[in-house]
Amino acid sequence: MIQVIRERATKQQIDEMLKTWGVFIKIVVDIEREILAGGAERHYECEQELLKDGNKQKNLWGADWCPYTQEMVFESIINICPSQNNRTMIIESPDIRERVTQITLRLLGGL
């Protein structure tokens with residue numbers, strides 16, 4: 001079940017998002033509004049939830065987050081954005097990776 005997280009997630013919300021993959025959560029982070037969606041089978045499903053919520057495509061970046069190790073993988077098909085000089089599935093900009101990490105840790109980390 002996809003959760004849109006605007007404030008620090010509860011353990012119950014994280015457990016719900018973990019039901020899809022078990023050990024990690026596919027997330028999409030809006031680096032402008034500093035919210036995220038997670039818990040889908042594919043990143044684009046989280047992306048669609050955020051777009052319906054009024055988020056702008058250019059601010060959305062996909063990653064995988066493991067709550068047990070607090071590690072992130074910055075790879076998703078939605079990250080291919082030639083107009084933003086990101087031509088691969090990996091988030092290439094260190095600044096954007098840092099923003100995604102900080103927002104994710106603030107909203108999901110430490111549980």
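Leaving aside neighbours within four places in sequence, Leu108 is in contact with Ile5, Arg8, Ala9, Ile14, Met17, Ile27, Leu36 and Trp65, where contact means heavy atoms within 4.5 Å. The model described here is predicted: local features need pLDDT of at least 70 and side-chain atom pairs count only at pLDDT 80 or more, while totals for chains, interfaces and linings use all residues. Residues are numbered from 1 along each chain as its sequence is written, and side-chain values use heavy atoms, with hydrogens and water left out.

Together with Ile27 and Val100, Leu108 touches the most other members of the largest nonpolar core, a set of 22 residues. A nonpolar core is here a set of buried Ala, Val, Leu, Ile, Met, Phe, Trp, Tyr and Cys residues joined through side-chain atoms within 4.5 Å; buried means under 20% relative accessible area, exposed over 50%, and partly exposed in between (1.4 Å probe, protein chains only). Two or more residues of this core come from each of α1 (11-18), β2 (25-30), β4 (60-66) and α3 (94-108). Helices (H or I, at least four residues) and strands (E, at least two) are DSSP runs, numbered from the N terminus. A second, separate core has eight residues, among them Val28, Cys46, Leu50 and Ile78.

Next comes the sheet. Five strands make up an open sheet with antiparallel pairing, in the order β1-β3-β2-β4-β5; two strands pair if DSSP finds at least two bridges between them. At the edges are β1 (3-5) and β5 (71-73), each pairing on one side only. From one strand to the next, the twist averages 30 degrees. Three bridges join β4 and β5 in the antiparallel sense, and Trp65 stands opposite Met72 in β5. Helix α1 packs on the sheet, touching β1, β2 and β3 (35-38), and its direction makes about 135 degrees with that of β1. Axes are lines fitted to C-alpha atoms, for helices over the stretch in contact, and angles run from 0 to 180 degrees between N-to-C directions.

Asn55 lies in the loop between α2 (43-52) and β4. Asn55 is buried, with a relative accessible area of 5%. Its side chain makes a polar contact with the side chain of Arg33 (3.1 Å), and a polar atom of the Asn55 side chain lies 2.6 Å from the backbone oxygen of Leu50. A polar contact is a pair of N or O atoms within 3.5 Å; within protein, one must be able to donate a hydrogen and the other to accept it, and residues adjacent in sequence count only if both atoms are side-chain atoms.
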